[in-house]
Amino acid sequence: MRLRANELSMVIDRQPIVSGVDITVGPGEVVGLVGPNGSGKSTLLRGVYRVLRPDAGRAEIDGYDVWALSAKAAARRVAALVQEPAGDVDFDVREIVRMGRSPYLSALRPATAADEQLVTDALERVGAMPLAGRGFRTLSGGEKQRVLLARALAQQPDLLVLDEPTNHLDVRHQLETLDLMRRLGIATLTALHDLNLAAAYCDRLYVLAAGRVVASGPPDEVLSPELVGTVFGVGAVPSVHPVTGRTHLAFYPLPAAAETATVRR
Amino acid sequence: MTVTTSPNVPGLTDKAEPRGLSVRARLRRRPPFWLVLVLLAVGLVVTLTTAVTIGPVELPFLQVWQIVADRIHPGLGGEVTWTPVREQIVWDIRMPRVLLGAAVGAGLATVGATLQALVRNPLADPYVFGITSGASTGATALLALGIAAFGSTALSAAAFGGAVVAFVLVLVLAGAAGGLAPARLILAGLTVAYTMSALTSLMIFLAATAGQSSIAETVLFWLLGGLGGARWSHVLIPGLVTVLGTLLVTLRARSLNALLVGEETAATLGVNLGRFRLQMFTLTALMTGVMVAVSGGIGFVGLMVPHAVRLIVGSDNRRVLPVSMLLGAIFLVWADVVARTVVAPQELPIGIITALVGAPFFVAIMRSKRRLNVVGER
């Protein structure tokens, strides 16, 4: 297993946000994390990419507890695209991707031609070579995600963690970004808001509600109208997407009475 | 330059050539890094020499070098054509002062650049954490004890001690264990600065009622700063601290860069945020403490020089830090020349000069770039 989260619990300001979550991601597998706002998706991911220490449980990458590794050693195994307003930085695209090599570098181990080659390879794999000389902050949202995926590639990670990678993107760039994510072939754990995108691009899904996993499995099994109604409080009509053949949900508002029965934090 | 990043217009965003061209054009306008370094290094040497020639006794440029060479190795400067008085002026009076100015200017600018990246705040400067206030409290306390026999070295030591106390207080208040979040750091710094200032004022007040009004003058020196009375014994430590400190922060420039992009991003790139902040904060506080102990709280250098540097070399701290060091040295040496000549034989506190130059400079940056940012121009 690339990732094995065991009984992971996380508390912020004495408030339990994630409670006893078990998650696995196998080699090459793309696993989605879905759930309503405040269900603990981002917090759970923070525990995995080593920003917020879990209060109980372990997150293991290839058998190593990420919190027992040094920050650098963890960054060589896990790359993450976080939800964070990118600083208004005056770096060009190549410099941003080059930062992906920093977990491997130190004062005693300066960057070499091999590192530079990895940066070039990463830019090529995401098709961002034409952007290499551009200023990062002049890029569009879709271009930025592409470049950040290149930076993640330059980290040569065993696991890629994405927090809402399609946020603020138009529909075309949503599809392009997730398509690219799949083609990288790296074991991936991604939080997604859009259930249909999750169904279309993930091998397996975990559904989070109030910090607990309430369902998991292949998208077409997990995303039943009953579960969507309970967890998200909306009605859902499943169908098969005429082009992709994946599960597709059409949503409609439930009457107010039903809403009170939904799982809420 | 206005840049729209979202929403995207499909088909336009991928081939937005005009935008890309303008950025490239801007990048092209940036001078090569090595050229900047060479020019500033030459500028520093010229500045140091010129600054030594300026004063009540005008000295020829070349003679400065002859005297210095002769002091380093007798005979190296050629035949001795100067009077012993001149030699004394150059070697014992002006050289230490000019070199101290260079060391302090370089140190403050480096510290400012580091802190602005560390707390991701363009307004951060070496004094934001109450270190100047601590230094003046330390010095005042020594004076208030009423033992005038203490020399200036003891005063410097007391000032440094006060700076360290302020620093430790800030660490405790900000919660070193909690990762030293920038907002908490700044609040803790302000708290300590106000407390220390209050203590200093209290001691001045008590001393004045006891008939010791001279303390207030000494305290004013620590608040405004000055390089008067510099001696060789005062140059060595700040010089070493500046050079070593700049080297150490420049070695961590990659982590500072990652931090500029984002805090979580830095963490996912292998920066141990809590430990890194503690290291950098301790290093910069010690540097600032040493600078303040020998020269008082010279304002604006640490705030302004890094911003000017980013306009020239961009955001990359691997360039910003060494260039800040050079430009800070040049700037403070000239500010000191003005401070000691403009109302000669009186001296203005140097902090007045740096602030008077600094304020219009700030306005100029804001007007030309419309936006003052920790990470450079926009």
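In chain A of this predicted model, an open sheet of 4 strands is arranged in the order E2-E1-E4-E5 with antiparallel pairing, where strands are DSSP runs of E of at least two residues and helices runs of H or I of at least four, numbered from the N terminus, and where two strands pair if DSSP finds at least two bridges between them. Strand E2 (15-25) and strand E5 (64-65) of chain A stand at the edges with a single partner strand each, so one side of each has no neighbour in the sheet. Strand E1 (residues 3-12) and strand E4 (residues 56-61) of chain A are joined in the antiparallel sense over 5 bridges, and the bridge partner of Ser9(A) in E4(A) is Ala56(A). Helix H1 (residues 41-48) of chain A lies across E1, E2 and E4 of chain A and runs at about 120 degrees to E1(A), with axes taken as lines fitted to C-alpha atoms, for helices over the stretch in contact, and angles running from 0 to 180 degrees between N-to-C directions.

Residues are numbered from 1 along each chain as its sequence is written, while chains are lettered from A and ligands numbered from 1 in the order in which they are written. Local features need pLDDT of at least 70 and side-chain atom pairs count only at pLDDT 80 or more, whereas totals for chains, interfaces and linings use all residues; side-chain values use heavy atoms, with hydrogens and water left out.

A further open sheet in chain A has 6 strands in the order E6-E7-E8-E3-E9-E10, with mixed pairing. Its edge strands are E6 (78-81) and E10 (212-217) of chain A, each of which pairs on one side only, and the twist averages 15 degrees from one strand to the next. Strand E7 (residues 159-163) runs parallel to strand E8 (residues 187-191) of chain A, the two being joined by 5 bridges, and Leu162(A) has Thr190(A) as its bridge partner in E8(A). E3(A) pairs in the parallel sense with E8(A) over 4 bridges, Val30(A) standing opposite Thr188(A), and with E9(A), likewise in the parallel sense, over 4 bridges, Gly32(A) having Leu205(A) as its bridge partner.

E3(A) is mostly covered, 5 of its 5 residues being buried, that is, under 20% relative accessible area, as against over 50% for exposed and in between for partly exposed (1.4 Å probe, protein chains only). Val30(A), Gly32(A) and Val34(A) point one way from this strand, and Val31(A) and Leu33(A) the other way. Helix H5 (residues 141-154) of chain A lies across E6 and E7 of chain A, at about 170 degrees to E6(A), and helix H9 (residues 225-232) of chain A lies across E3 (30-34), E9 (204-209) and E10 of chain A, at about 35 degrees to E9(A).

In chain B, helix H6 (residues 152-174) and helix H12 (residues 273-295) pack at an angle of about 155 degrees with their axes 8 Å apart, which makes H6(B) roughly antiparallel to H12(B) (angles under 35 degrees count as roughly parallel, over 145 as roughly antiparallel, 65 to 115 as roughly perpendicular and the rest as oblique). Residues making the contact (heavy atoms within 4.5 Å) include Phe160(B) and Phe167(B) of H6(B) and Phe281(B) and Leu286(B) of H12(B).

Gly112(B), which lies in helix H4 (residues 84-118) of chain B, counts as buried because its relative accessibility is 0%. Leaving aside neighbours within four places in sequence, Gly112(B) is in contact with Ala124(B), Pro126(B), Gly302(B) and Pro306(B).
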